[in-house]
Amino acid sequence: MKTEVELTEGPQTKKSHLWNAITRYSPNTEPTMAVSGKGSWFTDDQGNRYLDGVSGLWCLNLGHGQQEIVDAAADQMKTLSYFPLTMNHPPAVKLAGKISELLGADYQVFFSNSGSEANETAFKIIRQYHNQTGNPGKYKIISRYRGYHGATLGALSATAQANRRVKYDPGVPGFLHVHPPYSYRSLFDGTPEETDVKAADLLENTILHEGEESVAAVIMEPFISGGGVIVPSVKYIQRVQEICKKYHVLLVMDEVVSGYGRTGEMFGFQHAPGVQPDIVTMAKGLTSGYLPLGATAVKSEIYNVFKKEGKDTHFRHVSTYGGHPAACAVALKNIEIIEREKIVERVRDLGKSKLGKLHELSDHPYVGEVRQAGFLLGIEMVADKETKEPLDDEKMGWVLAECKKRGLIIGRNGDTVPGLSNVLIIAPPLTSTEEDLEFIVETVGAVIRNL
Ligand code: PMP
């Protein structure tokens, strides 16, 4: 048996029994072994320091080493180490209230452990809701191509990216997909706003063809993230809500990435005046990744259908660790810091004045489009600006490796041509210093210019 010391102290040549997530097998390279972190930076077992330009998996919103969060978890574990949410505990009750307040309407909150679970929970609530309101035929859930909603089979069925699905299809029945508001490669002609609204109209068309009596919900990320950072016009989100209301289709906003300040509003949908989703799912930034926690916030009008005294209308769903007291205590402290330190305003300001400088790369022959919402930024790389042919795998890999050599971790996503990820992802911790942000801009700029 290997000890932790052997693994963390020795050269990374020893056999590891760890199965890494979503990582291609490569016989000559070992994944980086991180051993410590501070702010936006982590250090590997060789003593190299890297700026984490993607906040882990877009979750480390407040960066490493927030002592108050660590203390909140430890204090809670000492006070009440575990308790199931078949009953109450104070951190969960307080957090549910806080989430409802932040969402700006009356919501009831169901806790789980991850974004995938938050979405699975939403799907079950949606189907039971329609069943209990005289519409048992409403079961179909519509999502958009390139959307990402999780790894479990239901959430993966809502995920409409070929590269993540083909090995595991067929998925769960009852999930449909429509085109996203992707103005850079739209199916339609017109300004970005016009093509986005036409994409929304396509959703209406799909609902009509499927039969409105069969469509239960639409799930969308306000800003598609894992599908290559797609930033829609505000009008698109408003139009989707309008269509959902018209056909009694519930609107689920997946705020797993965009929640808690990432895009310069507390929640992504809050960029679109008048939009108030029926259900909001969240995870990641809810705890800044310090502990696992997912949440499904449901408008009270929907929840009321589940609380009929003496009737079998309750939600038959449970998650052992969902809403763990320590995770809820961490989330409460995380939100307290986000508010106290004015993180949302900071993201708005520095997103513009610092990270926004990456828009200057738009003139580069390999840069098709730079898309940004606060600290969520995607650079779509192309081999040819005219034809928009995606940049090949090898060059994309080179950009990431070159950034890493210079001490910066960035990501890569897309599925632009199914299976091809040609969008560079930059989503640093929201607490990154101005110097950190300058380092990101300079490094990415220098590497792209060297391509
Ligand atoms: N929704 C979105 C928008 C996501 O980006 C992710 C994860 N990247 C998920 C859901 C699933 O979250 P988790 O990995 O915590 O299950």
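View 1. The axes of helix 8 (residues 192-210) and helix 9 (residues 234-246) cross at roughly 20° and come within 9 Å. Axes are lines fitted to C-alpha atoms, for helices over the stretch in contact, and angles run from 0 to 180 degrees between N-to-C directions. Helices (H or I, at least four residues) and strands (E, at least two) are DSSP runs, numbered from the N terminus. On the helix 8 side the contact is made by E193, D196, V197, A199, A200, L203, E204 and I207, and on the helix 9 side by K235, Y236, R239, V240 and I243. Two residues are in contact if their C-beta atoms, placed from the backbone, lie within 7 Å. By class, this contact has eight nonpolar, no polar and five charged residues. Ala, Val, Leu, Ile, Met, Phe, Trp, Tyr, Cys and Pro count as nonpolar, Asp, Glu, Lys and Arg as charged, and the others, Gly among them, as polar.

The model is predicted: local features need pLDDT of at least 70, side-chain atom pairs count only at pLDDT 80 or more, and totals for chains, interfaces and linings use all residues. Residues are numbered from 1 along each chain as its sequence is written.

**View 2. The shell around the ligand has 16 residues.** S114, G115, S116, G150 and V256 come nearest. A residue is near a molecule or strand if its C-beta atom, placed from the backbone, lies within 6 Å of it. Helix 5 (residues 115-132) gives the most to the shell, with three residues. The shell has six nonpolar, eight polar and two charged residues.

**View 3. A cis peptide bond joins D169 and P170.** Its omega is about 0°. P170 lies in the loop between helix 7 (162-165) and strand 6 (175-178). Most peptide bonds are trans.

**View 4. H248 has a positive phi of about 50°.** H248 is not a glycine. H248 is found in the loop between helix 9 and strand 8 (250-254).
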